[in-house]
Amino acid sequence: MLLTLEGLDGSGKTSCVETLRETDLLGDATFTREPTTSWYGEAVRRSVADAEADPLAELFLYTADHAAHLARTVRPALDRGETVVSDRYSDSRYAYQGATLTNRFEDAVGFVQEIHRPWTRSPDVTIYLDIDPETGARRSGATNKFETATHLKQVQENYERLLAAEPDRFVRIDASRSIETVRADVLSTVEELV
Ligand code: TYD
């Protein structure tokens with residue numbers, strides 16, 4: 001099973017992944033993330049830190065990181081029969097780069113999905129930590145160019161479109177509540193899954 005966690009910056013994703021790491025519900029699961037910690041992921045982080053980075057070039061950096069992540073980590077672990085839990089995955093590209101590219105393409109989300117479709121591996125289940133853009137921006141401290149409330153609003157709209165298109169894949173969790181409550185919900189969701 002490939003389980004991914006998605007949400008706006010400040011939604012508490014990383015802390016929920018920690019909760020899953022601490023349980024033994026998932027056996028010897030592989031825990032991973034995008035952007036990755038490889039040099040591809042480093043290239044992505046350089047781009048994120050650059051306010052002048054070209055959004056289309058940035059899309060391809062993130063996408064290259066995803067390709068390497070699939071080849072080196074995700075597919076081998078799935079082939080070994082392990083569960084894979086990824087803190088962000090392809091939906092982050094559809095939602096975030098769909099937002100940065102909104103002025104460049106008539107349907108930016110669709111364009112980014114099309115680039116992935118022939119070769120990516122879709123998640124089996126995606127936990128979406130639902131938070132409003134203002135809270136997300138406040139909690140994340142708006143430390144990078146993606147974390148402003150205006151940008152996050154567009155990202156949120158894109159996520160909503162993804163949830164509407166594949167309601168069976170997504171589990172929505174209200175992440176505006178206390179982190180303990182959110183973590184408990186994530187745990188019981190995974191308990192039901194396994
Ligand atoms: P994040 O998981 O928040 O990393 P960190 O722990 O370093 O804060 O991801 C970094 C930023 O990159 C975040 O603002 C979301 C953005 N992002 C994209 O724009 N596209 C993507 O495909 C991914 C994976 C992340």
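These legends go with a handful of close-up views of one predicted model.

Some ground rules first: the model is predicted, so local features need pLDDT of at least 70 and side-chain atom pairs count only at pLDDT 80 or more, while totals for chains, interfaces and linings use all residues. Numbering runs from 1 along each chain as its sequence is written, and side-chain values use heavy atoms, with hydrogens and water left out.

**View 1. Five strands make an open, parallel sheet.**
The strand order is S2-S3-S1-S4-S5; strands here are DSSP runs of E with at least two residues, helices are runs of H or I with at least four, and both are numbered from the N terminus. Two strands count as paired if DSSP finds at least two bridges between them. Strands S2 (30–33) and S5 (170–174) sit at the edges with a single partner strand each, so one side of each has no neighbour in the sheet. From one strand to the next, the twist averages 20°. For a look at one pairing, take S4 (residues 125–130) and S5, which run parallel over five bridges; Tyr128 has Arg172 in S5 as its bridge partner.

**View 2. H5 meets H4 and H3.**
The axes of H4 and H5 come within 8 Å and cross at roughly 145°. On the H4 side, the contact uses Ser90, Arg93, Tyr94, Gln97 and Gly98, and on the H5 side Ala108, Val109, Val112, Gln113 and His116. Over in the other pair, the axes of H3 (residues 55–79) and H5 come within 11 Å, crossing at roughly 35°, and this crossing is right-handed as well. Here Leu56, Leu59, Phe60, Thr63 and His66 of H3 meet Phe111, Val112, Ile115 and His116 of H5. That contact has six nonpolar, three polar and no charged residues; Ala, Val, Leu, Ile, Met, Phe, Trp, Tyr, Cys and Pro count as nonpolar, Asp, Glu, Lys and Arg as charged, and the others, Gly among them, as polar.

**View 3. The largest pocket holds about 380 Å³ of space.**
A pocket is an open set of points on a 1 Å grid over the protein atoms alone where a 1.4 Å probe fits, with protein on both sides within 12 Å along at least five of seven lines; lining residues have an atom within 4 Å of a point. Points are joined across faces, edges and corners, and the volume is the space filled by probe spheres set on them. Of the 18 lining residues, Asp9, Arg33, Glu34, Pro35 and Arg88 lie nearest the centre. H1 (13–22), H2 (39–48) and H4 (90–100) each supply at least two lining residues, and H4 gives the most, with four. The lining has six nonpolar, four polar and eight charged residues.

**View 4. The second largest pocket has a volume of about 160 Å³.**
H4 and H5 (108–116) are the elements giving two or more residues to this lining, with the largest share, three residues, coming from H4. Among the lining residues are Tyr94, His116, Glu166 and Arg169. By class, this lining has two nonpolar, five polar and four charged residues.

Note on methods: Axes fitted to C-alpha atoms, helices over the stretch in contact; angles between N-to-C directions. Contact = heavy atoms within 4.5 Å. Left-handed = near helix turned anticlockwise from the far one by under 90°.
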